[in-house]
Amino acid sequence: MNVLAVLIPISVTLGLAGLAAFVWALRSGQYEDPAGDQARALDLMEDED
Amino acid sequence: MVAACPACSSVQVTEPRAVDQPTHVLHLPDIHCGACISTVERALMALPAVQQARVNLTLKRAFIIAPGAEDATLIDALARAGHRADRLDAGRLGPRDVTARDLLTRIGVAGFAMMNVMLLSVAVWSGAAGATAQVFHLVSAAIAIPAVGFAAQPFFMSAFGALRHGRMNMDVPISLAIVLASAASLANAFGFSHRANWFDAALALTFFLLIGRYLDRAGRAAARSAAAELAALESPQAVLIEGSQDRIVAAETLQAGALIRIRPGDRLPADGTIITGRTDLDRSALTGESVPQPAGPGDEVTAGETCLTGALTVRVDRAGRDTALARMAQLVATAETQRTRHTGIADRAARIYAPLVHVLGAATFIGWLTVTGDIWRSLDVAISVLVITCPCALGLAVPAVSTVATARLFRAGILVKSATALERLSQIDTVAFDKTGTLTTGQVTLGGTPDPEALAIAAGLAQSSRHPVSKAIVATAQARGIVPALVTDTTEHPGCGITGMLDGKPVRLGRAGWIKGTCETDMSAVWLSTPCHAPVALTTSESLRDDAVPAVQALRDAGYHLALLSGDAPPPVARMAQMTGIDTALAQLTPAQKVDWVRDCTGMGNHVLMVGDGLNDTGCLASAHAGISPGTALDAARSASDVVLISGGLQGVPHALSTARSAMGRMRQNIGLAVLYNLVSIPVAISGHASPLVAALAMSLSSLTVTLNAVRRFR
């Protein structure tokens, strides 16, 4: 059962990291123009050909 | 490979940057691919005045920082690059909406906490006991209490606001369930009792309800921003004459007494009196009359009319909010507020539901307390009742369906502006159409088959004119392969007709009264006068929109009662009714009579849908049960209607009606499902058999069922 003392903090930390990533993406406007971002991503790839 | 559209042949990368405070916002209706984005951004960046340009493909807008640049310069640059752009008034678009982002953050927090607490709970459900269970409870509390405190704030605030005004709303039982479940579980975690732990239920409740709230909000915000965009698109400009200089100003800044210049093709920005110049005015938007009226010095003109042939100088009498157009729009706004009182199906359900839940919860608590005398046990069961009856499924039932239906209609070019529009559209049984501009294109065609020789001369005269009849004559000649005669020295006499020289002899084309020197006012024909022959009449008629007949036919087949309400003269109205197959046709109606007709129909218990585009229809659009206007309609008409057909034409009317009907059916199904789930689970909860595990499963399953039913394919 001692392993729980390590595993629970790890799982919560990982979860928090995910949450922080989501909040960061939200604040930096990555959900403002989903259609445009799709198209821009493809444009870059075409240029590298 | 990128599926590039024909307008964009080359592709270059523009570094993505966010534009903070745009000075110009342009609407780009045609962009649809990555290549379009880079063409537009490059074309704009090539202009010296432009500091930053960023295209948003989702909104189909370009945000530009270019201090001091004229909108026309930007639009011209884009036109050369092959893209159509319209000016959007940045001021009218309003500030960016931050509430949606705020709700998403809360959903993220609730989701994270729910998953972690659920994991800990699974351990307890599968048999952890004693100290381990206690530790798990404490960890859950440490995650859940701050998470609930943050994520459930919108519910707490709304419930508090309602209670302070002595009212009840759906958020009161929701908040009560969340707070009670969290508080009791906290007491359990600290060992005050050894009953079950409800943290996961409180979080799941918050999570699902926030999603419902977000969908609901996103739908409303999309409708509102669409309405703002329509208003921003319209915002008219005027050419102000200042001494010897002309300056372009916004129409609302005009003052009475100012002189403005109106070019052929302009829509009048204010009410005024003509000082110099003669023209033909297209008044169809205001009166429904399809034939242009002549106007000259001393005549009064009204905002919203279109100047067709000659240039005018107009003295402004009333501008901005005082124009006849704006006053009409205000009347519409009053009628609108009456309609927004229409309570949606979700609210009606909530009104019955909220008190019922409280009575059930309280009764369960008192019942268990009298029977067992165990406060903690009774509280536990009461919480389970509150949690299980909490309207997760009900909160998702309506917004999920309306989000799916609105998005589907938007893809078909149909914009739903009002939140309760789908519901009202589903109740429609009578569809009333306006004629000019709605069933017809507002453009004129030549009737019959005129003599080729006469047509050739007429086309020769008409070539240089912008009058709709002239355009129709030239188009007819082209269609029949007739080469226009070589007419020289053509002069347009606005309000009368055109003169010119053919082989050294004068020829004239124009109104009956002008050609024949009589005072005839018949507007349904133009006359051609040649030296050798008697004057020849060329009859004109309005051209029907391509999709008018199939759209009307589809509505007839679906069993709607149809009517045609027009301000135009009886013969063209009757002809139009016969061509489209509309049974009730009423001509020469004033705007007030149109409204009366709608009122009479409503009085007889019918639900009328008005389809119209002009100012004379706005009263009807607002007083009818629902209103639809084409995208070409006047600003006032579009703001008075619930649905705007941006593209795709009149076929959008039957499409919107059928989608609304199936969406409404789907909403009822969803509410039925939510009620069914409650009917099964409430007895289980009251009898004390609902453990947190059962509650978590039931809640998730019902929410999923309702959402899946909403996204299931529409017929």
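Tutor: Let's start with Leu281(B), whose bridge partner in β12(B) is Cys307(B). Before going on, some ground rules: the model is predicted, local features need pLDDT of at least 70, side-chain atom pairs count only at pLDDT 80 or more, and totals for chains, interfaces and linings use all residues. Residues are numbered from 1 along each chain as its sequence is written, chains are lettered from A and ligands numbered from 1 in the order in which they are written, and side-chain values use heavy atoms, with hydrogens and water left out.

Back to that pair. Strand β9 (residues 279-282) of chain B and β12(B) are antiparallel and share two bridges; helices (H or I, at least four residues) and strands (E, at least two) are DSSP runs, numbered from the N terminus, and two strands pair if DSSP finds at least two bridges between them.

Next stop, β7. Strand β7 (residues 259-262) of chain B pairs antiparallel with strand β5 (residues 237-242) of chain B over two bridges, and Val239(B) has Arg261(B) as its bridge partner there. β7(B) also pairs with strand β13 (residues 312-318) of chain B, antiparallel again, this time over four bridges. In that pairing Ile260(B) stands opposite Val314(B). As for its two faces, Ile260(B) and Ile262(B) make up the covered one, while Leu259(B) and Arg261(B) make up the uncovered one.

In the loop between β6 (245-250) and β7 of chain B you'll find Ala256(B). Ala256(B) counts as exposed because its relative accessibility is 59% (buried is under 20% relative accessible area, exposed over 50%, partly exposed in between, with a 1.4 Å probe and protein chains only). Ala256(B) and Ala270(B) are 14 residues apart in sequence, with their C-alpha atoms 9.3 Å apart in space.

Further along, there's a hairpin worth a look. Strands β18 (residues 497-502) and β19 (residues 505-510) of chain B run antiparallel and are joined by six bridges, with Thr499(B) partnered by Arg508(B). Two residues lie between these strands, and in this hairpin Asp503(B) takes a positive phi near 50 degrees. On to the next neighbour: β19(B) and strand β20 (residues 525-529) of chain B pair antiparallel over three bridges, and here Arg508(B) stands opposite Ser529(B).

Gln588(B) is another non-glycine residue with a positive phi, near 50 degrees. For context, most residues other than glycine have a negative phi. Gln588(B) lies in the loop between β23 (584-586) and α21 (591-603) of chain B, and at 53% relative accessibility it counts as exposed.

Now for a contact between chains. Glu41(B), in helix α1 (residues 34-45) of chain B, is buried, with a relative accessible area of 1%. Its side chain makes a polar contact with the side chain of Arg40(A) at 3.0 Å (a polar contact is a pair of N or O atoms within 3.5 Å; within protein, one must be able to donate a hydrogen and the other to accept it, and residues adjacent in sequence count only if both atoms are side-chain atoms).

One charge-over-ring case to finish: Arg106(B) lies over the face of Phe150(B), 4.7 Å from the ring centre. The test is NZ of Lys or CZ of Arg within 6 Å of the ring centre and within 35 degrees of the ring normal.
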